Amino acid sequence: MSLISRALRAAAFCLCAAALHVPAHAADQPAPVEGDWIAPTFVFHNGQALDNLRLHYVTIGERSNPAVLVLHGTYQTAQAMLSKDFGGQLFGPGQPLDASKYFIVIPDGIGVGKSTKPSDGLRAAFPQYNYADMVLAQYRMLTEGLGIKRLRLIIGNSMGGMQAWLWGGTYPGFADGLVPMASQPTEMSSRNWIMRRMLVESIRQDPAWNNGNYTVQPPSLRLANNMFIFATNGGTLAYQQMAGTHAQADKLVDERLAAPVTADANDFIYQWGSSADYNAMPGLAKIRVPLLAINSADDERNPPETGILQAALKDLPNAAVMLIPASAETRGHGTTGMARFYAAQLDQFIRALPTR
């Protein structure tokens with residue numbers, strides 16, 4: 001076992017107090033710059049092709065610095081990774097991914113944000129993309145669009161974490177280190193897939209969806225999305241604190257249902273359906289670079305008590321797991337969106353990566 005792995009395993013399943021005291025200087029970091037990469041023709045995993053596929057991205061820092069790929073979660077965009085809780089804890093001066101020392105690249109995945117998506121016009125006739133297609137698009141954007149031939153790190157959250165696992169097996173050695181968060185390399189199953197399938201079916205079986213040819217967003221979109229969030233994101237202890245009485249629980253539901261719907265039903269179905277055939281296990285043995293998997297003990301979608309993650313990593317020589325303990329301050333599957341819980345450990349991991 002390598003020194004990196006031993007050091008990380010020694011810190012696994014605990015939190016350093018320093019993680020709560022990493023300073024945030026997001027206002028002092030270089031300003032984000034937006035850009036687009038266009039693929040004249042993009043062929044998806046199922047043979048479908050699309051002309052002029054656009055992948056939008058945000059970069060922070062100088063192109064001459066070591067590059068870091070940051071990957072967002074389902075139905076999020078690059079902007080989510082610039083939040084005070086994530087980028088504000090990681091990209092500022094003296095922080096683990098100091099943008100004065102690294103070139104941060106954050107793409108909008110296929111199907112979201114300013115990247116090509118069903119709601120641009122094709123609606124339900126849009127090619128059925130999956131995570132492998134999204135990783136391929138990211139690889140082509142980096143190599144063909146930005147001229148990047150190697151990454152210092154890939155860090156991804158939730159869907160981005162699953163894509164980090166795929167990156168490791170599909171393009172082994174392209175990145176010096178991998179940090180998949182709120183994810184597992186195993187196929188979609190159990191509650192994680194059951195709830196996703198129910199989410200998609202709730203919209204598809206709504207007559208108002210009309211096979212994707214609706215003129216107003218189907219009512220099921222609001223209800224299904226909020227049901228999914230309550231069931232698989234937020235943390236048991238946190239919800240008990242926020243909604244520990246009947247009145248508080250009703251108030252929280254009313255607030256969520258009153259919020260405006262900003263999603264598009266077709267985009268939504270594609271975003272969640274894209275995980276259906278996810279399985280990074282076939283490529284796992286190809287990963288030889290240091291890997292730090294960060295999950296939370298109260299993650300509703302990836303419950304640690306199953307032992308699935310630990311079993312999957314038993315043959316990876318440089319892999320370690322950091323499990324963030326559940327508390328009223330954590331947010332279940334959403335915990336890893338708050339970098340204060342692991343910034344110190346991430347900094348330690350990056351500093352220990354082999355020199356190029």
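Q: At roughly what angle do the axes of helix α6 and helix α8 cross?
A: This is a predicted model, where local features need pLDDT of at least 70, side-chain atom pairs count only at pLDDT 80 or more, and totals for chains, interfaces and linings use all residues. Residues are numbered from 1 along each chain as its sequence is written, and side-chain values use heavy atoms, leaving out hydrogens and water. Helices (H or I, at least four residues) and strands (E, at least two) are DSSP runs numbered from the N terminus, while axes are lines fitted to C-alpha atoms, for helices over the stretch in contact, with angles from 0 to 180 degrees between N-to-C directions. The axes of α6 (residues 219-232) and α8 (residues 246-258) come within 10 Å, and they cross at roughly 135°.

Q: Which word describes how α6 and α8 lie to each other?
A: Angles under 35 degrees count as roughly parallel, over 145 as roughly antiparallel, 65 to 115 as roughly perpendicular and the rest as oblique. The axes here cross at roughly 135°. The two helices, α6 and α8, are therefore oblique.

Q: How many nonpolar residues does the contact of α6 with α8 have?
A: Contact means heavy atoms within 4.5 Å. On the α6 side are Arg222, Leu223, Asn226, Ile229 and Phe230, which meet Leu252, Val253, Arg256, Leu257 and Ala258 in α8. Ala, Val, Leu, Ile, Met, Phe, Trp, Tyr, Cys and Pro count as nonpolar, Asp, Glu, Lys and Arg as charged, and the others, Gly among them, as polar. Next to one polar and two charged residues, the nonpolar count is seven.

Q: How many salt bridges are there?
A: Side chains of opposite charge can pair when their charged atoms come close. A salt bridge is a side-chain nitrogen of Lys or Arg within 4 Å of a carboxyl oxygen of Asp or Glu. By this rule, the count is eleven.

Q: How many residues apart in sequence are the parts that Glu34 and Lys114 tie together?
A: Glu34 and Lys114 form a salt bridge, with their closest N and O atoms 2.9 Å apart. Glu34 lies in strand β1 (residues 33-43), and Lys114 lies in the loop between β4 (103-107) and α3 (131-145), so the parts tied together are separated in sequence by 80 residues.

Q: Is Arg140 buried or exposed?
A: Arg140 forms a salt bridge with Glu144, their closest N and O atoms being 2.9 Å apart. Buried means under 20% relative accessible area, exposed over 50%, and partly exposed in between (1.4 Å probe, protein chains only). With a relative accessibility of 18%, Arg140 is buried.
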